[in-house]
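Let's walk through this structure together, one step at a time. Have a look at the chains first, and then read on.

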Amino acid sequence: MKKLKLVVVGNGMAGIRTVEELLAIAPDMYEITIFGNEPHPNYNRILLSPVLAGEQDFKDIVLNPVSWYEEAGIDLRMGCAVSKIDRIKRQVITDDGSCTPYDRLLIATGSTPFILPVPGNKLDGVISYRDIHDTETMIETARIKKNAVVIGGGLLGLEAANGLRLRGMNVTVVHLAEWLLERQLDKTAGKLLQQSLQERGLDFLMGEVTEEIIGNEEGKVSAVRFKSGTTIDADLVVMAVGIRPNTALAEAAGIYCQRGIVVSDALQTYDPRIYAVGECVSHRGVAYGLVAPLFEQAKVCANHLAQMGIGRYLGSFLSTKLKVTGIDLFSAGEFMGKEGSEEIVLSDPASGIYKKLVIKDDQLIGACLYGDTTDGGWYFKLLKEGRKLGELRDHIMFGESNVGDVGVQGQSRANQMQDTDEVCGCNGVCKGTIVKAIKDKGLFTLDDVKKQTKAASSCGSCTGLVEQILLNTVGSSFQETPKTKAICGCTDRNHGEVRKAIREHHLLTHKSTYDFLEWRTPNGCATCRPAINYYLLSTWPHEAIDDPQSRFINERAHANIQKDGTFSVIPQMKGGVTNASELRRIADVADKYAIPMVKVTGGQRIDLLGVKKEDLVHVWSDLGMNSGHAYGKSIRTVKTCVGIEFCRFGTQNSTQMGIDLETMLANMWSPHKVKLAVSGCPRNCAEAGIKDVGVIAVDSGWELYVGGNGGIKTEVAQFLVKVKTAEEVKEYAGAFLQLYREEAYYLDRSVHYIARVGLDYIKAKVVTDHAQRKVLYERLLYSLDGLPDPWAARIKGAQRHEFIPLKVIA
Amino acid sequence: MNIIKGEWVHICQVDDIPELGSRVIERADGNIAVFRTNGDKVFALLDRCPHKAGPLSQGIVHGESVTCPLHNWQIDLSSGEAKAPDVGCARHFPVKVESGQIFLALP
């Protein structure tokens with residue numbers, strides 16, 4: 001098939017990111033030509049400030065060297081301006097008159113700095129701060145001249161001023177508003193910032209209006225005069241008073257523009273063959289000037305260019321960070337407050353710390369931090385998630401590390417960490433490695449960092465820390481992991497959407513699910529297939545058929561794979577109670593199959609480790625015990641203490657309660673593993689406080705706790721209800737677990753599920769609404785009814801091929 | 001059984017391997033995993049992930065790749081190459097299918 005022609009106008013970050021995304025999903029669809037005004041390949045515009053400040057060189061900030069374009073087979077025209085788009089003939093015309101035809105056109109012309117309409121604005125020495133050329137002019141001027149005036153105290157202006165000061169110039173910042181960064185900071189933080197910049201040697205003229213830029217006889221700038229009459233000397237004037245979407249080319253071609261090229265959620269302009277991304281577009285009336293939204297747009301646009309037709313750009317949530325070394329500020333959301341909002345403020349001017357959090361309807365809606373921004377990422381996450389704060393409100397000001405974080409301390413340590421400090425304990429990745437990868441490879445998202453460095457890609461407990469490092473390294477270009485994340489690369493749908501579709505459209509098979517939801521891959525991947533399998537089975541019990549090939553090996557082989565490829569076998573031992581006959585059989589099996597290790601597990605069971613796969617069925621048969629399900633996203637164990645039977649403190653028969661629960665839940669699949677415990681008294685020897693469902697006996701009945709977790713991050717279970725009878729324990733626990741089974745996303749432990757929906761929601765469904773509870777309980781019993789013990793089924797011959805080699809070759 | 005180098009050896013029928021699954025040929029020089037895709041294509045790789053020697057035969061097969069069960073590396077079934085940014089290669093063996101029968105050539 002002949003390739004389609006894609007022409008990209010604009011060789012900057014948005015355009016090239018779109019091309020990169022496109023090449024990743026449809027490498028052979030287009031013949032690509034890219035036009036760029038500047039005589040450089042794509043570089044990281046965000047890092048111009050560190051270049052100006054002398055912290056980095058231009059070569060450090062190039063994102064795509066010329067060789068990248070060559071390898072991708074892209075026709076790159078640097079220093080070549082497009083002067084016209086001919087939509088009838090479908091071609092672009094350059095300054096030199098040459099024509100290039102297109103099937104699809106991508107406009108990524110970015111923005112142009114706004115130049116104040118004052119006399120003298122065209123004098124030599126009056127520049128904006130937009131590209132590497134401007135940066136080089138500033139560096140050059142700083143070498144020979146003394147006085148600089150920066151007009152505009154916004155992010156860009158302050159970064160320019162700081163850089164020029166570091167290069168030895170006397171710098172005056174002129175700002176119209178009452179305080180600096182008035183769109184990013186409140187007054188208090190703005191004043192603190194001004195103070196600390198003054199300490200670094202910058203001068204400020206606040207509330208001043210520029211009237212004229214005065215030149216000398218050579219046509220070079222010499223001074224700036226203001227409305228108030230003040231005049232100051234200037235060899236260089238940097239205008240940083242805002243940007244305008246660069247729409248001239250599109251407008252001339254008759255493409256609809258209104259403060260930006262107007263695009264749909266698919267980043268398509270009013271001409272369906274023409275797409276636009278980046279600072280030049282206006283999406284739902286908003287033109288973005290930061291990099292994170294551009295990348296989100298690029299992803300969606302690439303998807304549509306690849307003719308996959310899925311994915312919508314819904315707008316972005318922004319946060320701000322100033323890239324001036326040593327000054328920490330962060331703001332996001334409605335930090336100025338709005339009607340009906342309240343503020344929590346911490347102010348410590350002596351040590352230069354100021355924090356303001358704005359709360360409305362029990363949700364965080366804005367944050368403004370100065371001096372200590374370690375929790376910026378965390379607040380931003382809370383903001384985007386729109387999570388109900390509840391009890392968190394009392395501690396929120398003190399940061400994430402103070403919120404009952406007993407397991408993994410120091411999500412906010414990123415700043416203090418040394419380069420050699422280990423971040424990811426699973427994969428042995430140090431901070432320095434992550435920072436280097438982010439800088440060298442131009443990474444902006446957590447997913448990119450995970451893929452490239454492997455940090456946070458195993459157990460995930462360091463995710464917060466990695467995110468923090470990313471935030472600190474790339475500043476405002478940091479891209480928050482979207483809250484409604486797609487399940488995997490096979491789809492843009494998230495877990496909630498997929499669950500809903502399976503339920504509402506009565507989808508019963510993998511194939512019908514992938515077809516209906518337009519999966520990009522023919523049969524999913526190792527991430528989505530197990531999730532879909534679970535959703536099908538849990539939504540349509542006794543109807544959907546389990547697909548062993550969509551299960552992780554442990555659930556396919558009903559044993560736990562070990563690092564050498566052998567398996568471990570844990571027989572069921574309800575409530576942790578066994579007897580002499582079972583122990584004898586276990587001992588005999590261990591001898592007969594030369595099992596290298598026999599170990600007692602944390603869940604009060606006995607583990608036979610190092611069993612060869614072909615021995616599994618024989619081992620199970622000789623044991624004559626049921627599967628202990630120690631390998632699955634399923635019911636694991638119900639731990640118990642000896643309770644009233646033997647213990648002098650026991651108040652109820654906790655052992656029997658545990659056995660009954662384990663009997664009820666036998667063979668239950670769930671979104672993630674499910675662990676229970678029953679203690680016979682509040683001394684809680686069975687450690688019920690860190691279980692998905694913890695039951696603690698008291699003299700007058702049983703207390704139920706939910707959402708505990710003893711794993712990666714220790715979470716204490718929350719009190720759900722107190723009941724009187726053992727039958728009620730089963731009903732309440734069962735109803736809660738069924739709710740979790742039906743609504744949680746795959747691989748969410750109960751604690752994550754509760755964090756998402758809130759404990760009040762659980763209580764309403766399980767405790768308050770008696771009818772609902774009974775329905776949930778009945779649905780649980782129905783879906784578990786008649787499930788076979790997987791070991792017994794395999795002893796009888798099910799899935800035989802799984803356990804026997806095909807052939808043995810000498 | 002004994003085999004002669006480079007000669008096609010009959011292994012099994014295509015249907016002996018589950019669709020999107022794999023089975024193992026045990027061999028003194030390292031087991032071989034034989035994979036079947038859902039288009040009934042068949043591939044053979046050394047049953048040893050280039051990362052930490054995980055048994056690829058135990059992974060989940062999707063498209064024309066398998067994901068190693070130990071640390072989720074994705075291996076291309078036809079070339080044995082790991083998917084970027086991971087780097088490594090599992091040895092692959094020539095396979096052919098004739099009227100539903102699978103043959104393998106060992107070097």
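Two strands count as paired if DSSP finds at least two bridges between them. Helices (H or I, at least four residues) and strands (E, at least two) are DSSP runs, numbered from the N terminus. What you see is a predicted model, in which local features need pLDDT of at least 70 and side-chain atom pairs count only at pLDDT 80 or more, while totals for chains, interfaces and linings use all residues. Residues are numbered from 1 along each chain as its sequence is written, and chains are lettered from A and ligands numbered from 1 in the order in which they are written.

Strand 2 of chain B is joined by five bridges to strand 3 of chain B (residues 32-36), and the two run antiparallel. Here B:Arg23 stands opposite B:Val34 of strand 3.

What does strand 2 of chain B meet in chain A? Three bridges join strand 2 of chain B to strand 37 of chain A (residues 807-809), and these two strands run parallel. In this pair, A:Lys807 has B:Ile25 as its bridge partner.

Now take in the whole meeting of the chains. Counting residues as in contact if their C-beta atoms, placed from the backbone, lie within 7 Å, 29 residues of chain B touch 22 residues of chain A. On the chain B side, two or more residues come from each of strand 1 (8-13), strand 2 (21-27) and strand 5 (60-62). Strand 2 of chain B gives the most, with six residues.

Three bridges join strand 5 to strand 6 of chain B (residues 65-67), where B:Ile60 stands opposite B:Thr67.

Finally, turn to chain A. Helix 1 (residues 13-25) and helix 9 (residues 291-305) of chain A pack at an angle of about 40°, with their axes 8 Å apart. Axes are lines fitted to C-alpha atoms, for helices over the stretch in contact, and angles run from 0 to 180 degrees between N-to-C directions. Helix 1 of chain A is therefore oblique to helix 9 of chain A; angles under 35 degrees count as roughly parallel, over 145 as roughly antiparallel, 65 to 115 as roughly perpendicular and the rest as oblique.

Key
Two residues are in contact if their C-beta atoms, placed from the backbone, lie within 7 Å.
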